[in-house]
Amino acid sequence: MITDIAWPTIDIERELAAVAGHSVVLAESDEHLLALAPEADAILTCFRRVSATVLDAAIRCRTVARYGVGVDNIDVARATELGILVSNVPEFCTEEVADHTLLLILATLRNLLPATDTVRGGGWRTDAGASARRIRGLVLGIIGYGAIGAAVAERATAFGFEVVVDSRRLAVDPASVPAHVSRVVDRDTLLAESDVVSIHVPLAADTRHSVGAAELARMKDGALLVNVSRGGLVNTDSLRAEVESGRLRAALDVTDPEPLPAEHWLRSSDDAIVTPHVAFASDGSLIELATKATTNALTVLAGRLPASVVDRSVLDRPELRTPTLKQTRALDEENS
């Protein structure tokens with residue numbers, strides 16, 4: 001069962017499933033999802049919530065496969081309790097999200113939208129770029145230095161940014177700091193010194209609203225906040241006060257709530273660029289995503305470990321719904 005998709009068809013999923021002797025059904029709503037759950041052997045999910053209620057109803061389900069990296073829309077703890085293995089595609093869309101991050105930064109700093117809007121409106125204001133920022137020498141602060149954060153840092157250096165990073169991993173291992181990172185600093189220093197702050201951390205209980213009123217207040221006047229990770233990382237109400245005062249600007253691919261209500265302030269703000277959670281998408285990435293997520297699900301149904309397991313403690317639970325996974329793990333550990 002597929003809960004939802006952000007692409008035109010499920011042809012790839014159907015073809016892969018058919019080869020393995022399975023069929024695929026796409027849920028049309030939350031209600032339809034819950035109605036289908038008792039018959040599902042595997043669940044693939046993009047954005048729709050796979051709650052404890054859905055998991056409890058999915059009495060045959062052996063695995064939940066996430067289309068993407070983050071698993072905040074899945075109740076992983078409940079899935080583990082029930083013996084349901086959760087997988088994701090952690091290496092997915094690194095290049096696309098890094099590219100989109102730079103797109104948002106450059107579009108904002110170079111005042112792209114005001115410049116194009118004047119042309120679309122029949123004008124030709126050559127002063128539209130007068131307030132654009134010179135990129136070289138600006139400080140880009142990256143919060144979280146995983147694969148995407150590293151890819152952003154590499155790209156930003158080529159444009160002349162000084163890149164500073166808040167990363168626990170790099171802080172404890174200075175020898176691993178790459179050449180394109182100028183400094184590893186604490187969060188407060190990063191917020192205070194950066195002209196652009198870009199967030200690249202997963203959403204979890206301890207990171208929700210981790211960029212709130214106090215953090216935004218530490219940012220320098222005129223700074224830009226970029227978020228391509230998860231909307232819940234930023235307190236939108238606190239951000240509104242800073243943006244509407246003219247002190248900060250924002251460039252977001254993710255929002256909280258998502259999608260934005262029709263009259264939401266972010267839709268009409270002159271100091272915010274918002275794209276509708278599309279940073280992950282490209283012709284190549286969507287094919288990769290559908291193939292890898294579906295393969296993860298089918299691999300579990302075949303009794304083998306998928307390429308990624310979100311919570312490996314499920315393999316030690318007596319409730320594990322695919323007992324052969326324990327044997328697979330034992331063989332993997334023996335071979336390694």
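What radius of gyration would a compact globule with 336 residues have, and what does the protein have? The rule puts such a globule near 20 Å, and the protein has 22 Å, which agrees. Keep in mind throughout that this is a predicted model.

**The whole chain**

Start with every C-alpha atom shown. Along the principal axes, these atoms fill a box of roughly 65 × 50 × 35 Å. Switch to a cartoon view, where the secondary structure comes to 13 helices and 10 strands.

Next, select strands E4 to E10. They form an open sheet of seven strands in the order E6-E5-E4-E7-E8-E9-E10, with parallel pairing. E6 (183–184) and E10 stand at the edges with a single partner strand each, so one side of each has no neighbour in the sheet.

Now zoom in on E7 (residues 196–199) and E8 (residues 224–227). These two strands run parallel and are joined by four bridges. To see one of the pairs, select Val 197, whose bridge partner in E8 is Leu 225.

**Helix H5**

Select residues 94–109, which are helix H5. H5 has 16 residues and reaches 23 Å from its first C-alpha to its last, close to the 22 Å expected at 1.5 Å a residue. Is H5 largely enclosed or left open by the rest of the structure? It is largely enclosed, because 12 of the 16 residues of H5 are buried. Among the buried residues are Thr 94, Glu 96, His 100, Leu 104 and Leu 109. After H5 comes Asn 111, with a positive phi near 55°.

**The largest pocket**

The largest pocket has a volume of about 950 Å³. It is lined by 40 residues, and the closest to its centre are Asp 253, Val 254, Thr 255, Glu 258 and Val 274. Helices H5 and H6 (112–120) and strands E9 (249–252) and E10 (272–274) each supply at least two residues of this lining. H6 gives the largest share, four residues. Coloured by class, the lining shows 16 nonpolar, 10 polar and 14 charged residues.

**The second largest pocket**

Move on to the second largest pocket, which holds about 700 Å³ of space. To centre the view there, select Val 69, Gly 70, Ile 148, Ser 229 and Arg 230, the closest to its centre of the 34 lining residues. The elements that give two or more residues to this lining are H5 and helix H7 (147–158). The largest share, three residues, comes from H7. By class, this lining has 20 nonpolar, 10 polar and four charged residues.

**The cavity**

For the last stop, look inside. How many cavities of 30 Å³ or more are there? The count comes to one. The largest cavity has a volume of about 50 Å³. Its lining consists of Asn 227, Gly 231, Val 234, Thr 236, Leu 239, Leu 252, Val 254, Thr 255, Asp 256 and Leu 266. Five of these lining residues are nonpolar, four are polar and one is charged. Val 254 and Thr 255 line this cavity, and both are also listed among the residues closest to the centre of the largest pocket.

Note on methods. Residues numbered from 1 in each chain as written. Predicted model: local features only at pLDDT ≥ 70, side-chain atom pairs only at ≥ 80, totals over all residues. Heavy atoms only, no water. 1 Å grid on protein atoms, 1.4 Å probe; cavity = no way out; pocket = protein on both sides within 12 Å on 5 of 7 lines; lining within 4 Å. Points joined across faces, edges and corners; volume = space filled by probe spheres on them. Nonpolar A, V, L, I, M, F, W, Y, C, P; charged D, E, K, R; others polar. Expected span 1.5 Å × (residues − 1). Buried < 20%, exposed > 50% of the residue type's maximum accessible area, 1.4 Å probe, protein only. Pairing = 2+ DSSP bridges. Rg over C-alpha atoms; globule rule 2.2 N^0.38 Å.
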